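Thank you all for coming. I would like to walk you through one structure this morning, slowly and in order, and I ask you to keep the picture in view while I talk.

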Amino acid sequence: MTDDLPPLLAPDEAPAAATVNPGGSADLLLICDHASRAVPRALGDLGVPRAEWDRHIAFDIGAEAVARALSARFDAPLVVSGYSRLVVDCNRRPDDPTAMPEISDGTPIPGNLGLDPAQRLRRLRDLHAPYHAAVAAAIARFRAAGRVPRVVSMHSCTPVFKGFERPWHVGVLWKSDPRLPIPLMAALSAIPGIRVGDNQPYDARDGHGYTMRTHCETAGIPHALIELRQDLIDTRAGIEKWAATFGDALARALAAPGLDRLEVHP
């Protein structure tokens, strides 16, 4: 029973999730699954060298900063995760072995080796479940007011992965509901010099995007998962530029028809 497990977080530690601007007026909900590189004190540093915590394996570099800028621009609520994806990845199924990876992009994670069921349940109960509860609560506030949120999940990706140089500045991941992704890709592609990836560098149709599947696909909520390339948003100037550039495209996409209703796309 999970009730028998001691709390993972001390009372003075940050919560597993935070909601920024919960009363925002926009019909837009932003989320950031990999916002933080924090680790609960009870877990130390997971045996991972300090320099590794600055890499993409620990969090999505720049994603939270861009999401916060968008939240302010649109007056939209934003839900952010409170702890590193190396502790538990909130964008993975609870039973996915990579939710608590033993190795990540070549880096061993000693603190994740040989976790027993109770250790896994403790992380899921205290970090993964509260984050998803916060996302569900944010959506429920829209629905209680008779509104349909347009959900945008902000991520970032490395410019090079396993020797492959990713040419896309931004990727839009989607599975079957085209209402937001198609106009968003069109708006981004209309900006000179920007290369847009359609389900690149990952493909939502092959299982990527647990959060979107859980909260949006089955409910018929329009949504898109965004991957901004990390070398474009790893400085304040880059964050400001891409928050403005992506924000302009998002503003145009949000004006597309059909986004104000629930519509399930199998």
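I will go from the sheet to the helices, then to the cores, and finally to some single residues.

Before anything else, please keep in mind that this is a predicted model, and that the values I quote are computed from it.

Let me begin with the sheet, which is open and has 7 strands in the order E1-E3-E2-E6-E11-E9-E10, with mixed pairing. Strand E1, residues 17-20, and strand E10 stand at the edges, and because each has a single partner strand, one side of each is left without a neighbour in the sheet. On average, and ignoring direction, neighbouring strands here are turned by 20° against each other. As one example of the pairing, strand E2, residues 28-32, runs parallel to strand E3, residues 78-81, with 3 bridges between them, and within this pair Leu30 stands opposite Leu78 of E3. Helix H4, residues 210-217, packs on this sheet, where it touches E2, strand E6 (150-157) and E11, and its direction makes about 155° with that of E11.

From there I turn to helix H3, which spans residues 181-189 and in which Pro181, Leu184, Met185, Ala187 and Leu188 are buried. How are these buried residues arranged when we look down the axis of H3? They fall within an arc of 160°, so they line one face of the helix. The buried residues of H3 are covered by, among others, strand E9 (170-173), strand E10 (196-198), strand E11 (223-229) and helix H5 (236-253).

The largest has 40 residues, and the members that touch the most other members are Val152, Met154, Leu184, Ile226 and Phe246. Two or more residues each are given to this core by E2, H1, E3, E6, E9, H3, E11 and H5, and the largest share, 7 residues, comes from H5. If we take Met154 and leave aside its neighbours within four places in sequence, its contacts include Leu30, Ile31 and Cys32, as well as Ala63, Val66, Ala67 and Leu70, and also Ile226, Leu228 and Phe246. There is also a second, separate core of 20 residues, which includes Leu46, Ile57, Ala58 and Met100.

Ser84 is found in the loop between E3 and strand E4 (103-104), and Arg41 is found in the loop between E2 and helix H1 (63-74). Which of them is buried, and which is exposed? Ser84 is buried, with a relative accessible area of 0%, whereas Arg41 is exposed at 52%, the cut-off for exposed being over 50%. Not counting residues up to four places away in sequence, Ser84 touches Ser36, Arg37, Ala38, Trp53 and Ala58. Arg41, with its neighbours within four places likewise left aside, is in contact with Ala10, Asp12 and Glu13. Arg41 and Glu13 are 28 residues apart in sequence, and their C-alpha atoms are 8.3 Å apart in space.

A search of the whole structure finds 1 aromatic pair. It is formed by Phe164 and Trp168, and it is tilted, with 6.0 Å from centre to centre and 50° between the planes. Phe164 is partly exposed, with a relative accessible area of 46%, while Trp168, at 15%, counts as buried.

I will finish with some details of the backbone. Most residues other than glycine have a negative phi, and most peptide bonds are trans. Against that background, Asn21, in the loop between E1 and E2, has a positive phi, near 50°. Asp75, which lies in the loop between H1 and E3, also has a positive phi, of about 55°, although it is not a glycine. Asn21 is partly exposed, at 28% relative accessible area, and Asp75, at 31%, counts as partly exposed. Lastly, the peptide bond that joins Gln200 and Pro201 is cis, with omega about 5°, and Pro201 is found in the loop between E10 and H4.

Key: Residues are numbered from 1 along each chain as its sequence is written. This is a predicted model: local features need pLDDT of at least 70, side-chain atom pairs count only at pLDDT 80 or more; totals for chains, interfaces and linings use all residues. Side-chain values use heavy atoms; hydrogens and water are left out. Rings of Phe, Tyr and Trp (its six-membered ring) pair if their centres lie within 6.5 Å; planes under 30 degrees apart count as stacked, over 60 as edge-to-face and the rest as tilted. Buried means under 20% relative accessible area, exposed over 50%, partly exposed in between (1.4 Å probe, protein chains only). Helices (H or I, at least four residues) and strands (E, at least two) are DSSP runs, numbered from the N terminus. The arc is that of the directions from the helix axis to the C-beta atoms. Contact means heavy atoms within 4.5 Å. Two strands pair if DSSP finds at least two bridges between them. Axes are lines fitted to C-alpha atoms, for helices over the stretch in contact, and angles run from 0 to 180 degrees between N-to-C directions. A nonpolar core is a set of buried Ala, Val, Leu, Ile, Met, Phe, Trp, Tyr and Cys residues joined through side-chain atoms within 4.5 Å.
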